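I opened the notebook today to look through one model piece by piece. Here are my entries, in the order I made them.

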Amino acid sequence: MKNKYSFIILGTGISSLSMAHWLSQKYPNDSILLADIHEKFYGASSKNAGFLTVGSFHFFNKMAQEKGLSTATELLQFCQTNHDLLFNAGFLDDSVEYKKDGSYTVTSSAPNMSQEFFKKIPAPIAIKGHEFCHHYALDGSCHPQKLLNKIFKSLSVDLVENAKISFDLKNLTINDQTLAYDKLFVTTNAWLNQILPTPLVSPQRAQILKTKPTRDFILKGNFYFSDHLIYLRQNKAGQIIVGGLRTLDAETEATDQLGTNTKIQNALLQFVKDRLSKNLELAEAWSGIMGFTENHLPCAGQYQESSTYFMGGFSGHGMGMAFHLAKRLVDSLENPNALPKLFTLS
Ligand SMILES: Cc1cc2nc3c(=O)[nH]c(=O)nc-3n(C[C@H](O)[C@H](O)[C@H](O)COP(=O)(O)OP(=O)(O)OC[C@H]3O[C@@H](n4cnc5c(N)ncnc54)[C@H](O)[C@@H]3O)c2cc1C
């Protein structure tokens with residue numbers, strides 16, 4: 001570690017790697033340090049389901065109802081561009097188990113969706129006589145740890161893991177060494193408020209599990225069961241990855257500490273046994289910590305006209321948004337209008 005860097009980035013998740021990527025693209029001669037208080041990739045970015053998602057239609061429909069059609073449409077396009085930027089940068093290929101099989105939002109009743117918003121999307125298909133399914137062909141998935149590794153390996157940066165970090169909004173010390181820098185980026189998502197008092201991000205845990213491989217069926221695509229708040233997909237090895245049901249024990253899950261929740265884990269396993277095959281067996285269960293903002297959207301910007309910048313508040317769509325938002329934050333260093341108003345605090 002040197003004692004001066006052009007850019008110091010706190011965190012090592014998809015947000016931090018995306019920041020490092022776009023900073024390197026724009027300022028190739030500048031130096032970058034990534035520093036994390038845990039081992040690299042400790043956060044939700046390595047623990048998620050790997051949906052490179054624009055999200056369920058339930059989510060966008062809710063956004064359309066709460067924030068209006070133009071906001072929901074902007075959000076949908078923002079996520080789609082995130083996918084395209086990752087793909088065009090060469091990060092989505094076989095080496096990260098990338099698949100573009102689309103996604104399905106399954107609901108128990110024909111969704112009451114605005115014709116204008118969904119005019120490009122085929123009408124829901126009735127399945128099993130009592131469920132409806134929206135198919136969105138452009139969605140994809142990947143192996144999240146492999147994606148992180150691929151982005152990380154493409155970077156020319158210094159890294160400090162398991163670091164002792166202190167920052168009082170003026171001085172930054174890492175492992176007792178005071179560091180000078182031109183710009184500091186705080187991209188620690190759920191742990192944003194441990195460094196910057198605002199914007200307000202609250203940590204929330206989410207449960208996820210993986211079954212043993214099955215050859216009983218092949219499931220193509222990402223599935224959102226909107227009524228149940230459950231999402232699942234099958235990976236390359238034939239394992240079902242299923243997560244969700246946070247609200248089943250919301251109080252316990254309002255934490256920044258990792259840990260499996262038996263009640264939620266059992267319900268997730270039961271769901272895939274009931275829905276897909278009673279032969280499915282648990283292989284691994286784990287959790288991850290996300291960051292929630294009040295309006296459920298991530299936020300980014302300059303912190304109080306200082307040389308500190310932040311990006312965080314990614315809940316269930318960080319893989320579907322962070323790469324694009326990091327680009328816009330880097331662009332905003334020279335052009336303040338580059339950052340979409342949707343993600344700013346004002
Ligand atoms: C179970 C689960 C499933 C999910 N599934 C999906 C999905 O399929 N698709 C999707 O798009 N999203 C999904 N998400 C959400 C997604 O994983 C997150 O939105 C995204 O990973 C957030 O990335 P990040 O880089 O901002 O934060 P993180 O990956 O959490 O990284 C934050 C990093 O900051 C570090 N840190 C903390 N404090 C400090 C400090 N003081 N100094 C330095 N470093 C610090 C942490 O150690 C951590 O490494 C899921 C989340 C969970 C938990």
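**Entry 1: a strand to start with**

Which residues point one way from β18, and which the other way? I am working from a predicted model, and in it T308, F310 and G312 point one way from β18 while Y309 and M311 point the other way. I then looked up burial for these residues and found all of them buried. Because five of the five residues of β18 (residues 308–312) are buried, I noted the strand as largely enclosed by the rest of the structure.

**Entry 2: the partners of β18**

Next I looked up what pairs with this strand. Strand β11 (residues 177–186) runs parallel to β18, and three bridges join the two. I picked out V186, whose bridge partner in β18 is F310. Strand β17 (residues 299–302) runs antiparallel to β18, with four bridges between them. In this pairing I found A300 opposite M311 of β18.

**Entry 3: the turn between β17 and β18**

I stayed with β17 and β18, which form a hairpin with five residues between them. In the turn, Q304 has a positive phi of about 45 degrees. E305 sits in the loop between β17 and β18, and its phi is also positive, near 50 degrees, in a residue other than glycine. I noted these because most residues other than glycine have a negative phi. Is E305 buried or exposed? I found 6 other C-beta atoms within 10 Å of E305, so I wrote it down as exposed.

**Entry 4: other backbone values I marked**

F41 is another residue that is not a glycine and has a positive phi, about 70 degrees. I found F41 in the loop between β2 (32–35) and β3 (51–52). F41 has 22 C-beta neighbours inside 10 Å, and 20 or more make a residue buried, so F41 counts as buried.

I also checked for a cis peptide bond, and the one from T198 to P199 is cis, with omega near 0 degrees. P199 lies in the loop between β11 and β12. I marked this bond because most peptide bonds are trans.

**Entry 5: two helices in contact**

Two packed helices are described by the angle between their axes and the distance between the axes, so I looked up both values here. The axes of helix α2 (residues 57–67) and helix α3 (residues 69–88) come within 6 Å and cross at roughly 145 degrees. From α2, the contact uses F60, M63, A64 and K67. From α3, it uses L69, T71, A72, L75 and L76. By class I have seven nonpolar residues, one polar and one charged in this contact.

I went back to α2 for burial and listed F57, F59, F60, N61, M63 and A64 as buried. Just after α2 comes G68, which takes a positive phi of about 100 degrees.

In helix α3 I also looked up D84. With 14 C-beta neighbours inside 10 Å, D84 counts as partly exposed. I took one distance from D84 as well: D84 and G259 are 175 residues apart in sequence and 34 Å apart in space, C-alpha to C-alpha.

**Entry 6: around the ligand**

Which residues come nearest to the ligand? Of the 42 residues around it, I noted G13, G43, N48, G288 and G318 as the nearest. At least two residues of the shell come from each of α1 (14–26), β12 (202–211) and β16 (282–292). The largest share, three residues, is supplied by α1. Sorted by class, the shell has 18 nonpolar residues, 22 polar and two charged.

**Entry 7: the whole protein**

Last, I stepped back to the whole chain. I counted up the secondary structure as seven helices and 18 strands. The radius of gyration is 20 Å, close to the 20 Å that the globule rule gives for 346 residues, so the protein is as compact as a globular protein of that length. Along its principal axes, the C-alpha trace spans about 65 × 45 × 40 Å. Of the 346 residues, 45% count as buried. Among contacts between residues at least 6 apart in sequence, 74% join residues at least 24 apart.

Methods: Residues numbered from 1 in each chain as written. Predicted model: local features only at pLDDT ≥ 70, side-chain atom pairs only at ≥ 80, totals over all residues. Near = placed C-beta within 6 Å. Nonpolar A, V, L, I, M, F, W, Y, C, P; charged D, E, K, R; others polar. Axes fitted to C-alpha atoms, helices over the stretch in contact; angles between N-to-C directions. Contact = placed C-beta atoms within 7 Å. Buried ≥ 20, exposed ≤ 12 C-beta atoms within 10 Å, placed from the backbone. Pairing = 2+ DSSP bridges. Rg over C-alpha atoms; globule rule 2.2 N^0.38 Å.
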